[in-house]
Amino acid sequence: MPTPPGRTLSPSTDPHPIDPLAAVRGRILLHVKDTAKAPLNQVSAHRSGVVFSGAEATKNLNSFVMDACPECPTVLDPSEYERHFATPAAPFTRSDQLPLPGVPAPRPSPESAEPQPGGRRLHLTPTRYLRCDEDGEKALREAVAQADEASDPTLILAVPIDAQWLTERTDTLISLLHRSRLPKALILGDKDNPTGSKIRAKGLRQVISSCSDIALLRTDLAAVDAMVHGAVFASIGDTSSARHAAPPGSRPWRGSDSSPNVLYRPLMRYIRGAKLARYLEEEARDCFCSACAQWADDHHRYSGGRPPTGFLDPVDARDAHAHNMAVWSRLWAEIARQPSPEGAREYWRRVCDSAVGLDSWHHKDVPEYEKVFAAPAYLRFWAGRPERRNTWYR
Ligand SMILES: [Zn+2]
């Protein structure tokens, strides 16, 4: 089998190796499942891209590329981890639509002596959900071995792990990922927020900073923490179901609040629109992100912005998703323009620190049992602050 181009962990005889991740390197992509309310029209082909997951992923991707943005980098996620648990005998689900391990794909022939950019159409392996147990470990070991036989330069090894791996099998995970010749894409699974505690946020940062050519997909602002600590690219979901995976067969808890989640920049987290409306009231200032500015224009609003307390109804979901993407895109642009990796990490830490400092201001009039804006432990970790003692929240 010829040496696949661009593999950084294997010896190569190609004097001008292709970087298979060139189209997405340094970018945060939008991650979508149901595209009906996704802000696909906001995706910049020059600064971002789209990861397509779910049963309709192939159809949605083809339609996006053909009808909306042919130049936009895309990643196809067959999402087999949503339906099946991996076993040592079957870490993957075979699919006719994918360049499967062991099935060599045509190797692109360089047309010039210059290094060639990677393809804009990347694919994840159809890896099944990896439990945090002995079988899950054996399955991941087998997945790495099988994927290493592939010669398709557009293939990325999907690593959909239960979030318990981050705390209970961290060293094993790092060791197995080091063996992979292919780029890796970590996808975290949990019934709740996979990185909702300090110890998991810390474990995730350790994994990301220990591995080369690793991406963190289908997540929230954890994508930014991963990027400043060495991830090659990342993706943020437009809906909560696209911001983490869940074990096959499990049903994520859904509360009675049907208002959309709004990324509230001052506090650096997603908060239900109804909750913002209830507690922010007069303190809320208009958001002037590109999506809210467009909304203000469409609605002839004099201020030129939209109050974050205005996302109350499920019909506001489309606007909320557009606002959320505009907010994290701008945040990442601010961080990415820092002159050094150290500067980018410090900028991110300071943004998180400011958000932690604001929590006391936001809940000054809220009863003790409703400290809805108290900074979660993972945010305090990102901010480099010590954990609070004797708190009931995570
Ligand atoms: Zn906005």
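Colleague: At what angle do the axes of α8 and α9 cross?
Modeller: This is a predicted model, and in it the axes of helix α8 (residues 290-298) and helix α9 (residues 317-336) cross at roughly 135°. They come within 7 Å.

Colleague: Now the metal. What are the protein donors of the zinc ion?
Modeller: Cys287, Cys289 and Cys292 each give their SG, and His323 gives ND1. These donors lie 2.1 to 2.3 Å from the zinc ion. Cys292 and His323 are also among the residues in the α8 and α9 contact.

Colleague: And why is the arrangement tetrahedral?
Modeller: Because the four donor atoms subtend angles of 105 to 117° around the zinc ion. For reference, ideal angles for four tetrahedral donors are 109.5 degrees.

Colleague: How are the donor residues spaced in sequence?
Modeller: The spacing is C-x1-C-x2-C-x30-H.

Colleague: Switching topic: how do α2 and α4 cross?
Modeller: Helix α2 (residues 134-147) and helix α4 (residues 170-179) have axes that cross at roughly 15° and come within 9 Å. So α2 is roughly parallel to α4, and the crossing is right-handed.

Colleague: What meets what in that pair?
Modeller: Glu137, Leu140, Arg141 and Val144 of α2 meet Thr172, Leu173, Leu176 and Arg179 of α4. The classes here are four nonpolar, one polar and three charged residues.

Key: Residues are numbered from 1 along each chain as its sequence is written. This is a predicted model: local features need pLDDT of at least 70, side-chain atom pairs count only at pLDDT 80 or more; totals for chains, interfaces and linings use all residues. Side-chain values use heavy atoms; hydrogens and water are left out. Axes are lines fitted to C-alpha atoms, for helices over the stretch in contact, and angles run from 0 to 180 degrees between N-to-C directions. Helices (H or I, at least four residues) and strands (E, at least two) are DSSP runs, numbered from the N terminus. Angles under 35 degrees count as roughly parallel, over 145 as roughly antiparallel, 65 to 115 as roughly perpendicular and the rest as oblique. A crossing is left-handed if the near helix is turned anticlockwise from the far one by less than a right angle, and right-handed if clockwise. Contact means heavy atoms within 4.5 Å. Ala, Val, Leu, Ile, Met, Phe, Trp, Tyr, Cys and Pro count as nonpolar, Asp, Glu, Lys and Arg as charged, and the others, Gly among them, as polar. Donors are N, O and S atoms within 2.8 Å of the metal (3.2 Å for Na, K and Ca); water is not among the atoms, so sites may look incomplete. Four donors count as tetrahedral if all angles lie between 85 and 135 degrees; four count as square planar and six as octahedral if opposite donors are over 155 degrees apart and all others between 65 and 115; anything else is irregular.
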